[in-house]
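Please open the structure in your viewer and keep the selection tool at hand.

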Amino acid sequence: MGLRDDLERFRMVGESNREDLSDFIQYGDLGRSGATDIKIPVKIVDLPEFEYDQRDRGGVGQGDGDTPDVGQPVGPPQPQPGDGDEEGEPGEEGGEHEYYEMDPEEFAEELDEELGLDLDPKGKTVVEETEGPFTDLTRSGPDSTLDVERMFREGLKRKLAMAFDENFLRELCKVEGITPREVFEWARDERLPVSMAWIERAHEEVADERGAWDSIAEVEANVEREPVSRRIRRDGIDHVPLRREDERYRHPEIIEEKEKNVVVVNIRDVSGSMRETKRELVERVFTPLDWYLTGKYDNAEFVYIAHDAEAWRVDRGDFFGIRSGGGTKISSAYELADEVLSEYPWSDWNRYVFAAGDSENSSNDTEERVIPMMEEIDANLHAYVETQPSGNAINATHAEELEKHFGTDAEDVAVTYVNSADDVADAIYEILSTEGETDE
C-alpha cells in the first residue's frame, strides 16, 4: 500500500467508524467517555511509511556494516534479531488504541440515520422574539406599508362580480312591448348583478328602437352573449372600484425563538440482585440515550437516582457502579423523581423518565404505587428497561405488569427487555421511537 493510500485511510477514520455505532453501543468501551464527550474506540491505523522494494537489488550505500567496502554487494536491509518472524518473548505492553471523538449532536445525527429515528424535539421556553418577513396583515398602519397589490386585487374581484353584458340587456330592452320590470326579472333569474335603475335608463335610451325583436326568446336565439372576461380583455378596465375595507397594511411576523430544554431522570435499581452484568447492560442503554438527548436539545440536564428499598440522588460517576444489599421498592424512586421534577415545570421543560433494573419489586408495589405515579408524572416519555441476562426470573414481573397495563402501543410509555449486549440497539430504538406528539 502506498503513501497516498495510507493518508486517505487516516483521513477516513471518522467516516468508517460511524458505520459501527451499533457495535460500539453493544460492545465498545464506554469508560473513556463522559456525559457530554463521546470517544469511540477505533481500529489502529497504520501510519504512512516508506517500504523497500524487495525486487530492487541495486542501489548505493547499502553495504554490510556502517561503511561499504569496494566490491561489497549491496541490497535491502537484513533482518535483525527480534524483527519479523524471529523467535522471542511475546510483548507485555498493550497496543496504543485510538479514539474517534464525536460531539453529542453528531452522535445524535448518526444514530438517527443508523436506526431510522426521527425525533423532533419541541421548544417550550420562549427566549427571544424577532421580527420576521412582512407577511402578516392588519387594517391599520403607515401608508408606506399599504399592500397596494392586495387592495387592487380586491377591487378587481368586485369589478368582475359587478360586471354584466350590457349590450345583451340593451337588446332585451328593444323587445316589443317589454317593460323594465320584465327585463329586471329576467336578469335576476340569470343572476346578473344589474340594478333596476340601470335597466330603466337603458330602456329609455333605446325607446326609438323598441320593436326590433318580437320576444326575449328571439333575442336569445340571435344575439350572442359575451363573457365579461372577453370584454375586459378587449376593452380593458377604465375603473376599479376600491373601498376602505380593501385596505390592508403589512407588518412583520413576530417569530418566537424557543429554547429546547430537557431534563432526563435516570433511575436504576442498585439492590443486591443487580450484579455486574446487569449493571453493565444498564450502562450500555442509558449512556447512549444521554448522549442522544444531549445532542438533540439546546439545554440538557440529567438527574441520577439510585434505589433499593429507598431512593437517593447520586452523581453520574456512581450511578452505574453502585451496589447495595437491600431489597427493592421501585416506587421510592418515582416519589423522589416527582419531587425533583417540581424544579423543572412541564410548561417549560421536556421531561424523560428512564428506569432500569431486573424487574424484581416488592409485592404489589408496581400496581399500587408505580403505575399510578407514572400516570401522574407529566413526561414526554416513561421507559423501563429490564436487564435479565439469564432470562426472566420467577419474581421478575415489574416490566410485564407495566406492559400489561399500558399496552404495547402507548405513545408515552416504552418497556424493553435486554438480556445481552445484542439487545441494546433494539432497546434504544424501541425507547426513542415510542415518543408521540406532546402538548406544548
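**Stop 1: the largest nonpolar core**

The model is a predicted one. Begin by selecting Val285, Phe286, Tyr292, Tyr352, Phe354 and Ile431, which have the most contacts inside the largest nonpolar core, a set of 40 residues. In soluble globular proteins, nonpolar side chains tend to be buried together. Next, colour the elements that each supply at least two residues of this core: helices H4 (104–115), H11 (276–296) and H16 (424–432), together with strands S7 (261–269), S8 (299–307), S10 (350–357), S11 and S12. Which of them gives the most to this core? It is H11, with 8 residues.

Apart from neighbours within four places in sequence, Tyr292 is in contact with Phe107, Ala108, Leu111, Asp112, Leu117, Leu119 and Leu432.

**Stop 2**

Now display the strands. Six of them form an open sheet with mixed pairing, in the order S9-S8-S7-S10-S11-S12. Strands of a sheet pair through backbone hydrogen bonds, either parallel or antiparallel. At the edges are S9 (311–314) and S12, each of which pairs on one side only. On average, neighbouring strands of the sheet are turned by 20 degrees against each other, if direction is ignored.

Select S8 and S9. These two strands run antiparallel and are joined by 4 bridges. Ala306 can be found opposite Trp312 in S9.

**Stop 3: helix H15**

Finally, select H15, residues 398–406. Which residues of H15 are buried? They are His398, Ala399, Leu402 and Phe406. Look down the axis of H15: these buried residues lie within an arc of 95 degrees and therefore line one face of the helix. An α-helix has 3.6 residues a turn, so residues three or four places apart point the same way. Turn to the other side of H15, where Glu400 and Lys404 are exposed.

To see what the buried residues of H15 pack against, display helix H14 (365–376), strand S11 (381–387) and strand S12 (413–418).

Note on methods
Residues are numbered from 1 along each chain as its sequence is written. This is a predicted model: local features need pLDDT of at least 70, side-chain atom pairs count only at pLDDT 80 or more; totals for chains, interfaces and linings use all residues. Side-chain values use heavy atoms; hydrogens and water are left out. Buried means under 20% relative accessible area, exposed over 50%, partly exposed in between (1.4 Å probe, protein chains only). The arc is that of the directions from the helix axis to the C-beta atoms. Contact means heavy atoms within 4.5 Å. A nonpolar core is a set of buried Ala, Val, Leu, Ile, Met, Phe, Trp, Tyr and Cys residues joined through side-chain atoms within 4.5 Å. Two strands pair if DSSP finds at least two bridges between them. Axes are lines fitted to C-alpha atoms, for helices over the stretch in contact, and angles run from 0 to 180 degrees between N-to-C directions.
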